Each structure stands twice: as C-alpha cells, then as structure tokens.
Amino acid sequence: MLSVPTLWTVFVANFLALGLIWAYVLHSYPSFQAARFWTASSLVAALGAGVSLLRGVVETPLPLLVGGGMLISACCLAMMGIKRFYDQPVSWRAHAAITGLSVAGMAYFMFWHDNMPMRIVIYSIGQSIPIAMTLKLLLSRPNGKINAGARLAGFIAIA
C-alpha cells in the first residue's frame with residue numbers, strides 16, 4: 001500500500017520530469033510562449049509537492065498550506081499557457097485572485113476553525129476553477145476544425 005509521502009515523492013519526480021521536458025521545448029522553440037507558462041507550471045507544482053512533503057517533518061501544518069497554494073498556482077499557470085497557446089490574453093489578476101482566495105480559505109479552516117473537509121473542498125475548487133476556465137478554448141472548433149488533442153484534454157479536465 002502506498003503512503004502519502006510516497007505519493008508526494010512520485011508527484012515531485014513526475015512534475016520535475018515534465019518541467020525538464022517543457023524547459024527543453026522552451027529552449028528549442030523560444031518563440032513558443034505557452035511553453036514558458038507550462039514550464040513554470042510544472043516546476044512550481046514540483047516545488048509545491050516538495051514543500052508538502054515537509055508536513056511529516058515539521059509539526060506545523062504550514063507546509064500543507066504553502067504547498068497547496070503552490071499547486072493551485074501551478075494550475076493557474078497551466079491555464080495561462082493554454083490561453084497563450086490560443087493567442088488569448090493572460091490575466092495575472094485572476095491568477096492572484098484564485099490563488100490568494102484559495103490560500104486564505106484554507107488558512108481560515110486550518111488555523112481559526114480546524115475543518116479538514118472544508119480545506120479539501122477549497123483546495124479542490126481552487127484547482128478546478130482554472131481548469132474550468134480553459135474548457136471553452138479546449139472544446140471549441142477554431143476555423144471549423146476539430147483538434148483531437150485539445151478535445152481529449154478538455155474531456156479529461158471535465159472528468
């Protein structure tokens with residue numbers, strides 16, 4: 001049976017590998033602006049998962065809050081990469097608002113009113129909002145053409 005630290009270690013390795021791949025793509029195609037956001041998203045997710053691993057080492061729940069905030073931020077960066085891929089403007093304000101409100105909600109239910117199910121709900125909503133914001137782009141048909149990869153990503157996001 002897998003333990004939570006083992007899962008977080010797998011997440012760190014997975015996101016680091018993905019970050020290295022996107023860094024290579026970014027190096028090979030410097031004008032591909034979406035790759036900048038996807039590289040940052042992968043590396044921030046790896047760092048967030050690594051910080052979350054500290055929960056077993058440190059007595060304070062602060063690593064879960066910081067790591068969760070970083071993972072939500074990584075989702076926002078991925079959303080921004082999808083928007084750049086479709087030549088849409090990105091919004092750093094939306095990124096800051098989603099991440100900030102999610103972290104504030106998790107902090108409230110962590111330090112002032114300890115309620116783990118509410119923290120999980122807030123964390124899940126914080127990750128779901130940026131994903132939901134990309135669905136219109138992923139499932140649309142620009143110029144009447146169907147993009148199978150984008151549709152697959154959209155259906156996975158819905159699932």
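User: Where is alanine 74, and is it buried or exposed?

Analyst: Alanine 74 sits in helix α3, where helices are DSSP runs of H or I with at least four residues, numbered from the N terminus. Alanine 74 is buried, with a relative accessible area of 4%; buried means under 20% relative accessible area, exposed over 50% and partly exposed in between, with a 1.4 Å probe and protein chains only.

User: What kind of model is this, and what is counted?

Analyst: This is a predicted model, in which local features need pLDDT of at least 70 and side-chain atom pairs count only at pLDDT 80 or more, while totals for chains, interfaces and linings use all residues. Residues are numbered from 1 along each chain as its sequence is written, and side-chain values use heavy atoms, with hydrogens and water left out.

User: Back to alanine 74, what is it in contact with?

Analyst: Leaving aside neighbours within four places in sequence, alanine 74 is in contact with Ser41, Val44 and Ala45, contact meaning heavy atoms within 4.5 Å. Alanine 74 and phenylalanine 37 are 37 residues apart in sequence, and their C-alpha atoms are 9.0 Å apart in space.

User: And serine 42, which helix is that in, and what does it touch?

Analyst: Serine 42 belongs to helix α2 and is buried at a relative accessible area of 4%. Its contacts, leaving aside neighbours within four places in sequence, are Phe15, Leu18, Gly19 and Trp22.

User: Which residues of α1 are buried, and what covers them?

Analyst: Trp8, Val12 and Gly19 are buried in α1, and the cover over the buried residues of α1 includes α2 (33-53) and α3 (62-85). Helix α1 spans residues 4-28, has 25 residues and reaches 36 Å from its first C-alpha to its last, close to the 36 Å expected at 1.5 Å a residue, the expected span being 1.5 Å times one less than the number of residues.

User: What makes up the largest nonpolar core?

Analyst: The largest nonpolar core has nine residues in all: Leu65, Ile72, Cys76, Ile98, Met106, Ala107, Phe109, Met110 and Ile122. A nonpolar core is a set of buried Ala, Val, Leu, Ile, Met, Phe, Trp, Tyr and Cys residues joined through side-chain atoms within 4.5 Å. Helices α3 and α4 each supply at least two residues of this core, and α4 gives the most to it, with five residues. Apart from this core lies another, of seven residues, among them Trp38, Tyr86, Leu138 and Ala150.

User: What does cysteine 76 touch?

Analyst: Not counting residues up to four places away in sequence, cysteine 76 touches His95, Ile98, Thr99 and Pro130. Histidine 95, in helix α4, counts as buried at 11% relative accessibility and, with the sequence neighbours up to four places away again not counted, touches Ser73, Cys76, Leu77 and Met80.

User: How many salt bridges are there?

Analyst: The structure holds one salt bridge, in which the side chains of arginine 119 and aspartate 114 meet at 2.8 Å, N to O; the term requires a side-chain nitrogen of Lys or Arg within 4 Å of a carboxyl oxygen of Asp or Glu. Arginine 119 counts as buried at 16% relative accessibility, whereas aspartate 114 is exposed, with a relative accessible area of 63%.

User: Is tryptophan 112 buried or exposed?

Analyst: Tryptophan 112, found in helix α4, is exposed, with a relative accessible area of 65%.
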